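Please look over the sequence and the model shown here before reading on. The paragraphs below go from the whole chain to single residues.

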Amino acid sequence: MVTDEVIAPVKIDENRLEGLDIVAGQIEDTKALNSPLKLIIVKYAIFGKRRHPNTESPSRGGG
C-alpha cells in the first residue's frame, strides 16, 4: 500500500502472458485495500541477438 502503480515488464510469449493474468488478478484483489492502485503493463519483444557495444563487427571494418 505504498504505491499507486505497479509496472510489469512482460516479454511477449504465451507462458508469460498467462502469468500476467495471475498478477492482474492479485492487483485487483489488492484494490480492496488500495483503491487507486493501477497495473501498468509494458510489453516487449526481442528482435535478433544483442551484441556487446564494444564488440567489433566485420561490417565496421574492424581488423
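What percentage of the 63 residues in the protein do buried residues make up? Buried residues account for 11% of them, where buried means under 20% relative accessible area, exposed over 50%, and partly exposed in between (1.4 Å probe, protein chains only). The accessible surface of the protein is about 5,500 Å², and 54% of that surface belongs to carbon and sulfur atoms. These areas come from the Shrake-Rupley method with a 1.4 Å probe, and for residues only the protein chains shown count as cover.

This is a predicted model, in which local features need pLDDT of at least 70 and side-chain atom pairs count only at pLDDT 80 or more, while totals for chains, interfaces and linings use all residues. Residues are numbered from 1 along each chain as its sequence is written, and side-chain values use heavy atoms, with hydrogens and water left out. The pLDDT is the predictor's confidence in each residue, from 0 to 100. Its mean over the protein is 75, and 73% of the residues reach 70 or more. Where pLDDT is low, the predicted coordinates should not be read in detail.

The protein has one helix and two strands, and from the N terminus on they run β-α-β. Helices (H or I, at least four residues) and strands (E, at least two) are DSSP runs, numbered from the N terminus. Strand β1 covers residues 5-11 and strand β2 residues 38-44; the two run parallel and are joined by seven bridges. Two strands pair if DSSP finds at least two bridges between them. Within this pairing, Ala-8 stands opposite Ile-41 of β2, and Lys-11 has Tyr-44 of β2 as its bridge partner.

Helix α1 (residues 14-30) forms a right-handed β-α-β unit together with β1 and β2. Right-handed means that, with the strands pointing away from the viewer, the path from the first strand over the helix to the second runs clockwise.

Among contacts between residues at least 6 apart in sequence, 70% join residues at least 24 apart.

Asp-4 lies in the segment before β1 and is partly exposed, at 44% relative accessibility. Its C-alpha atom is 4.3 Å from that of Leu-37, 33 residues away along the chain. Beyond its neighbours within four places in sequence, Asp-4 is in contact with Asn-34, Pro-36, Leu-37 and Lys-38.

One of these partners, Asn-34, is in the loop between α1 and β2. Asn-34 counts as buried because its relative accessible area is 9%. The side chain of Asn-34 reaches the backbone oxygen of Thr-3 at 2.8 Å.

Glu-5 is in strand β1 and is partly exposed, with a relative accessible area of 39%. Leaving aside neighbours within four places in sequence, Glu-5 is in contact with Leu-37, Lys-38 and Ile-40. The side chains of Glu-5 and Lys-38 make a polar contact at 3.4 Å. Such a contact is a pair of N or O atoms within 3.5 Å; within protein, one must be able to donate a hydrogen and the other to accept it, and residues adjacent in sequence count only if both atoms are side-chain atoms.

Note on methods: Contact means heavy atoms within 4.5 Å.
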